[in-house]
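Visitor: I would like a close look at one part of this model. Please keep it brisk, and give the cut-offs as you go.

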Amino acid sequence: MDQIIVEGGRRLKGEVKISGAKNAALPILVSSLLADGWSSYSNVPNLMDIQSILPLFTDLGACVESSGDRVRINAEGLNNHIAPYDLVRKMRASILVLGPLVARLKKAKVSLPGGCAIGARPINLHLKGLARLGAKIKLEHGYVSAEAKRLIGAEIYLDTATVTGTENLMMAAVLAEGVTTLKNAAREPEITALAHVLNRMGGDVQGAGTSVITINGVESLTPTETRIIPDRIEAGTFMAAAALTRGDVTVLNCEPDHLEAVIHKLQLTGADVRVDGKNIRVKGADKIESIDITTLPYPGFPTDMQAQFMALMSVANGLSHISETIFENRFIHVSELRRLGADITVQGSSAFVKGVPMLSGAPVMATDLRASASLILGGLVAKGKTEVNRVYHLDRGYDGMEKKFARLGAAIKRVKLT
Ligand code: EPZ
């Protein structure tokens, strides 16, 4: 288990290149299962979550090649409809293979992903949608089985705008007979990116990025080449770190359109945020203003940026109210930020952050991906040394974060324990 050690107090300066988006790469890599032949991908981030899902494709009978930021997958040999527990438990987004397996092999048996630190993470809406498309669903022994001779297009209303639920159903419907309409669909950029890939494969997906997506089923799809879009959450994390350390950082190669809510909120804290093409420059203000945040489905403020902004608010001027509306248990980082001296009170789905003049370094424990990021950010401004433990959580979703911070002038290093 590795540790990351940060000496606080350095203002970040310079440029940082953003990697490909984890939450776009995962569904797009899965979409290769929908076609025979070699699909190739570039700008794939080097993350544990990606390394965890590639063996699943092999297990299902596909061929996988990966080198650097490039991955190639050929699903011609797809011959196994079972996604086993020992693979799915490492990577809950593996549930995304459910739709494509039913679409291609007429059946699927996928281990239920179970919950995680931030919430129960149910998949009832994935299953309700598949049933609407004609799949017979069975839940037993910790697995979900789905079978359908042919999926038939239908109108599906999603009770919540589930991101991976929308992606799973898009990939099931793209080869169904007839028209499927997804209502109250998620609007995240990662959905739009997946729709673009499916259309380039020969699919007919309209309306992605809006809350109504129409999918006209086709007979078959062909493989394609794709460059993964930049990771808006990684970009937002570095932007928040620039504001927090009163630094001057330019985030390169991102999609500013995907970051409107984050840019707006960062400007409200007093940071000088300027967009220049695919780059965003953030100059931190000496006085950080406290602001209120409510996490919402895209294009609202992203829940995946909530923990990072809580670290920023912990040294802001005044009281901030952070309301987490997406996940039921996404304040685990609060107790660890308190160890750094933050003054935070939690009441249900609200956290009240009273800014303090200075945090103080301490050993802390990462508990989930974005909580880890918030602890690193806290360490960047805490007086003295902060040791972040269990950084495997961080490695799931950030590509060499400590190296990127070190290049921006942070006193940060990774220590390999046992
Ligand atoms: C995706 O998770 C992201 N993961 C998450 O990113 C992100 O936080 C989340 O969307 C919200 O933006 C990937 O894309 C791989 P949801 P997902 O289904 O799809 C409820 C990160 O840090 N719900 O949109 O699992 C659910 O409980 C990760 O990168 C149901 O009730 O999230 C939650 O309250 C964390 N039934 C809400 O919807 C369902 O069938 C949103 O969940 C599905 C979801």
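What is the relative accessible area of Arg 390, and is the residue buried, partly exposed or exposed?

Guide: Arg 390 is partly exposed, at 36% relative accessible area. Buried means under 20%, exposed over 50%, and partly exposed in between, with a 1.4 Å probe and protein chains only. This is a predicted model: local features need pLDDT of at least 70, side-chain atom pairs count only at pLDDT 80 or more, and totals for chains, interfaces and linings use all residues. Residues are numbered from 1 along each chain as its sequence is written, and side-chain values use heavy atoms, without hydrogens or water.

Now the backbone. Phi of Arg 390 is positive, about 60°, although the residue is not a glycine. Arg 390 sits in the loop between β23 (385-389) and α13 (392-397). Helices (H or I, at least four residues) and strands (E, at least two) are DSSP runs, numbered from the N terminus.

His 141 also has a positive phi, near 50°, and is not glycine either. The loop between β8 (136-140) and β9 (143-147) holds His 141. His 141 counts as exposed, at 75% relative accessibility.

Another backbone feature is the cis peptide bond between Tyr 298 and Pro 299, with omega about 15°. Pro 299 lies in the loop between β18 (293-294) and α10 (306-313). Asp 304 lies in that loop too, and Arg 330 in the loop between β19 (319-323) and α11 (333-339). The side chains of Asp 304 and Arg 330 meet in a salt bridge, 2.8 Å from N to O. The pair therefore ties together parts 26 residues apart in sequence. Asp 304 and Arg 330 are both buried.

A salt bridge here is a side-chain nitrogen of Lys or Arg within 4 Å of a carboxyl oxygen of Asp or Glu. The structure holds 22 of them. Among them is Lys 128 with Asp 159, at 2.9 Å, N to O. Lys 128 lies in helix α5 (residues 124-132) and Asp 159 in the loop between β10 (155-157) and α6 (163-173), so this pair ties together parts 31 residues apart in sequence. Lys 128 is partly exposed at 39%, and Asp 159 is partly exposed at 47%.

Lys 138 pairs with Glu 140, with the closest N and O atoms 3.8 Å apart. Lys 138 is partly exposed at 48%; Glu 140 is partly exposed at 38%. A salt-bridge network links Asp 2, Asp 395, Glu 402, Arg 414 and Lys 416.
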